[in-house]
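Subject: Structure for your files

Hello,

Here is the structure I said I would pass on.

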Amino acid sequence: MMEILAVGPAASFAEMSDEIGLAGGASIELTASGAEAQEILSERKVDLVVIDETLKDMTGLSLARQVAFRNPMTAVALVSPLSPEDFHEATEGLGILVQLSPRPGRRESRSLLETLDRVMRMTRTAGATP
């Protein structure tokens, strides 16, 4: 089962939570602050961190940088209203899996799950011994 951590206001991830619950094969935990997310990530493995652009205690980009540094094998999706070009410029080198629109809906959530599933399958395949 995929473990997903969503960081930001619960309302921002309402449709995503619903879609993940319906899709099965993944669980999602919500937390509101970057500090809480860092504590969770230090205690257990999470496959994906979905980060809202504005958190109670820091920016989403700041948390994404910290996750990339401390948990480099954890996939990150970042909510951002930036244009694709500006987003690329702001996040270059962080290994962000995808940019999400504010309040990601069901279709975007489904696409994110499919992308994460493909990445996880490729990772397992690459690590398999012949």
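In this predicted model, the largest nonpolar core has 18 residues, and L5, V7, I51, L63 and I96 touch the most other members. At least two residues of this core come from each of β1 (2-7), α2 (34-43), β3 (48-51), α3 (60-70) and β4 (75-79). Leaving aside residues up to four places away in sequence, I51 touches V7, F13, G60, L63, A64, V76, A77, L78 and V79. Another core, of 17 residues, lies apart from the largest one; A6, I20, V79 and M120 are among its members. As background, nonpolar side chains in soluble globular proteins tend to be buried together.

Helix α2 has G34, A37, I40 and L41 buried. These four lie on the same side of α2, because the arc they cover around the axis is only 120°. E39, S42 and E43 are exposed on the other side of α2. What do the buried residues of α2 pack against? Their partners are β1, β2 (26-31), β3 and α3.

Helix α1 (residues 14-23) can be read in the same way. M16, S17, E19 and I20 are buried in α1. They cover an arc of only 165° around the axis, so they sit on the same side of α1. G21 and L22, on the other side of α1, are exposed. After α1 comes G24, with a positive phi near 70°.

Regards

Definitions and conventions: Residues are numbered from 1 along each chain as its sequence is written. This is a predicted model: local features need pLDDT of at least 70, side-chain atom pairs count only at pLDDT 80 or more; totals for chains, interfaces and linings use all residues. Side-chain values use heavy atoms; hydrogens and water are left out. Buried means under 20% relative accessible area, exposed over 50%, partly exposed in between (1.4 Å probe, protein chains only). The arc is that of the directions from the helix axis to the C-beta atoms. A nonpolar core is a set of buried Ala, Val, Leu, Ile, Met, Phe, Trp, Tyr and Cys residues joined through side-chain atoms within 4.5 Å. Contact means heavy atoms within 4.5 Å.
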